[in-house]
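Dear colleague,

Please find below the structure that I am handing over to you. My notes on it follow.

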Amino acid sequence: MLHSQIIGEGTPFIILHGFLGMSDNWRTLGLKYAEAGFQVHLVDQRNHGRSFHSPDFSYPLMAQDLLAYADAHGLKVFHLMGHSMGGKTAMLFATEHPDRVLSLIVADMSPKYFPEHHGACLQGLASLNFDVIHSRTEADKALSAYVSDIGVRQFLLKNLYWETKDRLGLRLNLPALIENESEIGTELPDSNVFEGKTLFLKGEYSEYVMPEDEALIRTHFPHAIIDTVSKAGHWLHAQNPTEFYNKTIHFLCDTL
């Protein structure tokens, strides 16, 4: 069963993090959605955060995980939002189980195929030798040889935790993610369509959702609203959380 943090009471709202992320990335916004009257489920997807590890990793499996989670928690219908990889999981789930999804929000992800592009992050994380690395500062220094952007490094290093009182480790199932990296770019199947209310949000500076993707988005999601969060890149919910929250809560409240 997937691990989650459940916050608040009200209409269920499931939020899925991106590749190499975890539910903790969404806690600040999750608290705000809970204050607005939603029961927020911040879910760790397989091989991430505190959820189970498996050598198998694909969007169909993650969609199955989500269905099992919803059934186990008695969530017959719910709002669903996913960022990046979580957005692809959410797209697949909504198109396969449209009767379960009250509305869909996709944060900075397109249904299209993406080539592999996480190599530096994965190599950097794999290089961390916790026999000699004993602090976040030391881990950051080692990771900087592979990832120059300090913001990306800080995001990746949220996966650090103390395996024992004196040894660090990573919550990620890194071997499985490296082995299955190509799965992350898989496109949504051509025949999959969700007719429900849908919001696609892209970061102004991001290249994950381009103008030429809009026709493909509307093929799969005919009623999609496509909007932009200003002054933000791929991590739009962290780079401009106020605008991201305002746009998403307005959409959610319009669907109640």
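H41 is found in strand β3, which spans residues 38-43. Please bear in mind that this is a predicted model. H41 has a relative accessible area of 1%; buried means under 20%, and H41 is therefore classed as buried. Its side chain makes a polar contact of 2.8 Å with the side chain of Q39. Leaving aside residues up to four places away in sequence, H41 touches Q5, I6, F13, I14, I15, Y69 and L75.

Strand β8 covers residues 198-203, and six of its six residues are buried, so the strand is largely enclosed by the rest of the structure. In a regular strand, side chains alternate between the two faces of the sheet. Both faces of β8 are covered: T198, F200 and K202 are buried on one side, and L199, L201 and G203 are buried on the other.

Strand β5 (residues 101-107) runs parallel to β8 and is joined to it by four bridges. Within this pairing, I105 has L199 of β8 as its bridge partner. Strand β9 (residues 224-229) is also parallel to β8, with six bridges between the two. Here F200 has I226 of β9 as its bridge partner. Between β8 and β9 the chain passes through helix α8 (residues 214-220), and this β-α-β crossover is right-handed.

**Salt bridges**

Side chains of opposite charge can pair when their charged atoms come close. The count of salt bridges in this model comes to nine, and the following are among them.

R50 forms a salt bridge with D24, with the closest N and O atoms 3.7 Å apart. The pair links distant parts of the chain, 26 residues apart: R50 is in the loop between β3 and α2, and D24 is in the loop between β2 and α1. R50 counts as partly exposed at 42% relative accessibility, and D24 counts as partly exposed at 34%.

A salt bridge also joins the side chains of D65 and R46, at 2.7 Å from N to O. D65 lies in helix α2 and R46 in the loop between β3 and α2, so this pair ties together parts that are 19 residues apart in sequence. Both D65 and R46 are buried.

R167 and E163 meet through their side chains in a salt bridge of 3.8 Å, N to O. R167 is partly exposed at 31% relative accessibility, and E163 is partly exposed with a relative accessible area of 43%. Together with D131, these residues are linked in a network of salt bridges.

With kind regards

Terms used: Residues numbered from 1 in each chain as written. Predicted model: local features only at pLDDT ≥ 70, side-chain atom pairs only at ≥ 80, totals over all residues. Heavy atoms only, no water. Buried < 20%, exposed > 50% of the residue type's maximum accessible area, 1.4 Å probe, protein only. Pairing = 2+ DSSP bridges. Right-handed = clockwise from strand over helix to strand, strands pointing away. Polar contact = N/O pair within 3.5 Å; in protein donor to acceptor, adjacent residues only side chain to side chain. Contact = heavy atoms within 4.5 Å. Salt bridge = Lys/Arg side-chain N within 4 Å of Asp/Glu carboxyl O.
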